[in-house]
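Have the model open as you read.

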Amino acid sequence: MRLLFLLALTGHFISGFGSVAIAQQPTEFSVMTWNLEWFFDNQTADNPSELGREKSAPSRGQWDWRRDRVAAAIAKVQPTVVALQEIESQNVMYFLTRAIDRNHGLKYDDYVIKGEDFYTEQDVALLATTTTGVQSISRGVVTPSMKSRGYASVSKHLLALVEIPVNGKTELLVIANCHLRAMAEKGELRAKQARTLGLWLERLVAGAKASQENPDQPVHVLVTGDFNTEELAGKISPDSDLGVLMSRGNDDPSDDLVDLHDYIPAQNRTTHLLPGRQFDRILVSRDLVIDTPGVVDLSLRDVTVRSDLNFGVDQDTQDEHWNNYWGIADDQRDISDHNPVLARFQIQ
């Protein structure tokens with residue numbers, strides 16, 4: 001009942017309850033975020049928007065190609081959790097996880113709650129290995145009263161509470177996967193969206209702590225997705241969209257998040273077809289970065305931008321990718337105009 005209460009705090013509904021027994025102590029926990037850029041199948045009957053129909057795969061063969069390329073990329077690195085953006089629906093996630101299983105013998109569960117971007121029909125999703133202890137997924141809602149107090153709707157997001165076995169004990173991780181408003185001039189709106197995410201995280205973390213037998217046990221936080229931020233790693237303004245998101249919308253520095261892009265060499269930080277852009281990020285609570293001496297815990301192993309998973313051969317040119325995508329040969333075409341970011345955490 002306490003778990004039901006903590007998720008009710010987000011102001012929306014809950015889906016996907018259930019604990020998963022972990023048969024074997026893992027040595028690593030990894031998260032990959034990837035904007036798949038219009039990951040829509042070829043069936044347009046379920047697309048009410050003209051844009052959704054326009055951006056759908058033009059044929060069953062082209063959809064199969066894209067689905068199988070994404071499945072192969074995920075199978076190559078086998079993340080524990082995959083945060084995806086710009087997916088069409090739970091249907092496409094179902095067919096993606098079936099392809100991962102059929103083609104690579106890896107089993108993932110898919111988690112989607114339909115969002116509110118009715119113009120593009122884009123959504124976000126989480127995939128998790130079937131042995132991952134996903135306790136719940138949820139979405140938040142922004143009321144008119146909240147909007148009058150400086151919050152903004154986050155039409156594409158998903159919240160999850162995950163159990164991670166560490167040295168015979170269970171630690172809790174709150175994950176937020178989000179796709180914030182695009183365009184450089186929308187930074188003020190993204191900052192309001194970041195404030196909203198901070199509020200939801202605060203409530204979810206508080207509820208998760210209350211549900212534990214040991215209230216001193218930490219609840220880790222990981223926020224990821226396509227933030228569409230213009231802020232670069234190491235040069236983040238405190239009042240910017242990313243600055244607000246990292247501060248979790250409050251004045252308490254003790255719960256600030258760490259930008260894992262800081263741990264990537266500067267020349268390897270680009271995550272988009274536009275040169276130098278770092279739209280896709282992974283932010284974590286400080287306890288996931290630090291390896292406490294003498295304590296078996298989760299700590300950052302490494303973080304990388306995995307453009308090799310995305311590119312067909314060399315990166316597509318902007319003109320080819322955005323104006324002639326399906327005209328590029330299958331063995332040369334990139335999957336997306338975004339590159340995935342992979343963070344691995346070791347248990348030691």
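**Salt bridges and the sheet**

Asp259 is buried, with a relative accessible area of 0%; here buried means under 20% relative accessible area, exposed over 50%, and partly exposed in between (1.4 Å probe, protein chains only). Before we go further, note that this is a predicted model, in which local features need pLDDT of at least 70 and side-chain atom pairs count only at pLDDT 80 or more, while totals for chains, interfaces and linings use all residues. Residues are numbered from 1 along each chain as its sequence is written, and side-chain values use heavy atoms, with hydrogens and water left out.

What does Asp259 pair with? Its side chain meets that of Arg281 in a salt bridge, at 2.8 Å from N to O; the term stands for a side-chain nitrogen of Lys or Arg within 4 Å of a carboxyl oxygen of Asp or Glu. The pair links distant parts of the chain, with Arg281 in strand E11 and Asp259 in strand E10, 22 residues apart. (Helices, H or I, of at least four residues and strands, E, of at least two are DSSP runs, numbered from the N terminus.) Arg281 is also buried, its relative accessible area being 0%.

Compare that with Arg277 and Glu230, whose side chains form a salt bridge at 3.5 Å, N to O. This pair, too, links distant parts of the chain, 47 residues apart: Arg277 sits in the loop between E10 (257–259) and E11 (280–285), and Glu230 in the loop between strand E9 (219–226) and helix H7 (241–247). Arg277 is partly exposed at 29% relative accessibility, and Glu230 is partly exposed at 34%. Across the whole structure, a search finds 13 salt bridges.

Now turn to the sheet. Six strands form an open sheet with mixed pairing, in the order E4-E5-E3-E2-E13-E12; two strands pair if DSSP finds at least two bridges between them. E4 (108–111) and E12 (298–305) stand at the edges with a single partner strand each, so one side of each is left without a neighbour in the sheet. Within the sheet, E3 (residues 81–87) and E5 (residues 123–129) run antiparallel, joined by six bridges.

Finally, look at helix H3 (residues 60–77), which lies across E2 (28–39), E3, E4, E5 and E13 (341–347) and runs at about 165 degrees to E2. Axes are lines fitted to C-alpha atoms, for helices over the stretch in contact (heavy atoms within 4.5 Å), and angles run from 0 to 180 degrees between N-to-C directions.
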